[in-house]
Amino acid sequence: MRPALSAAEPAADAPAPGEGARPAPAPGIYVHVPFCAHRCGYCNFAVAVGADVGLRRRYVDGVLAQLATVAEAGPGAIAPRPAPCVAGPSSAWPVFGSAFVGGGTPTLLDPADLARLLSGLGEALPLATDAEVTVEANPETVDEASLAALAAAGCNRVSIGAQAFERATLAFLDRRHDPEAPARAVAAARCAGMASVSLDLIYGVPGQSPEQWEAGLDAALEAGADHLSCYALTLERNTPYARAVALDGVPAPDEDVAAARMAAADERLRRAGLRRYEVSNWARPGHESVHNRMYWRGGDYLALGAAAHGHWQGRRWWNLRPTRRYLARVEAGRSPMGGQEILDEPTRRAERLLLGLRTVEGVAREEVGPIDEEAAAALVVSGLLADDGAVLRITESGWALADGLAVRLLP
């Protein structure tokens, strides 16, 4: 873990003015566990509702089977052609800096099965001794005993989907836990020895007042979270929420309200000593997500499980989304890949711009050029972009517009 910094100091790995590109981040591992007790109305993730214990255990077996195949094949088997490394089992995997088990609700798995999955990652692939290993959880699905089992299997970070701390907003979002459950989950994680605890919150929910949003932020802070991810509610196609907006007159999210809630979060969390390091993420010094930073810096990562997406040296691929189809493939000894694409250099540089500008550290010009220089100059004059000739950064005034500003810079 990095040494603690004061809230006024820049992150240790943020570039100094004029500094160029950083070394590539250590690769990561993403594992998708699709199971959920129910589907929340706003969610369009790949989830499977109603699976029994037998199917969940079978799924863990399937992911471990895919993991064994990937580990044996080596990085040459997943790199784009022509591969920059020696193809085949003789090529060595680099050391992985992070693993992230997301969902769905991974903690719906039996704790022993989830621990078996976590242990399997380190047995099959070279995980760094200080690797960040994160498991996502809904607050009602964990207790001290289950979290202690995960900690014993190598998990050192838990990300808890609180979303809100008052009943009306939880009901609007179709969340099933009570308002006190997130704080209980944080306390259980502390007792289990988790090194870092993160909470997810959703803002811009229709009907939630500014006072309720700020009270939720205070509740998250009082619970003792090290990290907060705050996301705007969005209207996703083919979700119950989208249908309710279209057919039943349910209010849609308001972008101006969302911007105001984002600003309130930044002000409140900054005063509490959490530093914003990405558009939607704040952390106490030393608790920034290693895995998510790897994504934002254009790193490489493996994809295990149904619907998981991976990236390696410009090749992107994704596994089959339906859980049973994924299992049928891996149980037959076949690849569960559902599709792939090879990214050309202009596309990779454009993606590096789009992701890098979401971070406080910004992105080195040499990693993303060419850009629309006229647009960049106009954004600098408007106070939305900082450009020291080597690194591009969105300013505080531009955070709410970060994605749109990045698009404006594309040539």
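The model is predicted, so local features need pLDDT of at least 70 and side-chain atom pairs count only at pLDDT 80 or more, while totals for chains, interfaces and linings use all residues. Residues are numbered from 1 along each chain as its sequence is written, and side-chain values use heavy atoms, with hydrogens and water left out.

Two packed helices are described by the angle between their axes and the distance between the axes. Helix α2 spans residues 111-124 and helix α3 spans residues 144-152. (Helices are DSSP runs of H or I with at least four residues, strands are runs of E with at least two, and both are numbered from the N terminus.) The two pack at an angle of about 20 degrees, with their axes 8 Å apart. Axes are lines fitted to C-alpha atoms, for helices over the stretch in contact, and angles run from 0 to 180 degrees between N-to-C directions. Helices α2 and α3 are therefore roughly parallel to each other (angles under 35 degrees). The crossing of α2 past α3 is right-handed, meaning that the near helix is turned clockwise from the far one by less than a right angle. On the α2 side, P111, L114, A115 and L118 make the contact (heavy atoms within 4.5 Å); S146, A149 and L150 meet them from α3. By class, this contact has six nonpolar, one polar and no charged residues. Ala, Val, Leu, Ile, Met, Phe, Trp, Tyr, Cys and Pro count as nonpolar, Asp, Glu, Lys and Arg as charged, and the others, Gly among them, as polar.

The structure holds 10 aromatic pairs. Rings of Phe, Tyr and Trp (its six-membered ring) pair if their centres lie within 6.5 Å; planes under 30 degrees apart count as stacked, over 60 as edge-to-face and the rest as tilted. Y30 and F100 are stacked, because their ring centres lie 6.3 Å apart and their planes stand at 25 degrees. Y30 is in strand β1 and F100 in strand β4, 70 residues apart. Both are buried (under 20% relative accessible area, with a 1.4 Å probe and protein chains only). W93 and W312 have centres 5.5 Å apart and planes at 90 degrees, so this pair is edge-to-face. It links the loop between α1 and β4 to strand β12, across 219 residues. W93 and W312 are both buried. Ring pairs also join F35, Y59 and Y326 into a cluster.

T323 lies in helix α10 (residues 323-331). Its relative accessibility is 10%, so T323 counts as buried. Beyond four places in sequence, T323 touches P34, F35, A48, Y59 and A306.

Definitions and conventions
Buried means under 20% relative accessible area, exposed over 50%, partly exposed in between (1.4 Å probe, protein chains only). Angles under 35 degrees count as roughly parallel, over 145 as roughly antiparallel, 65 to 115 as roughly perpendicular and the rest as oblique.
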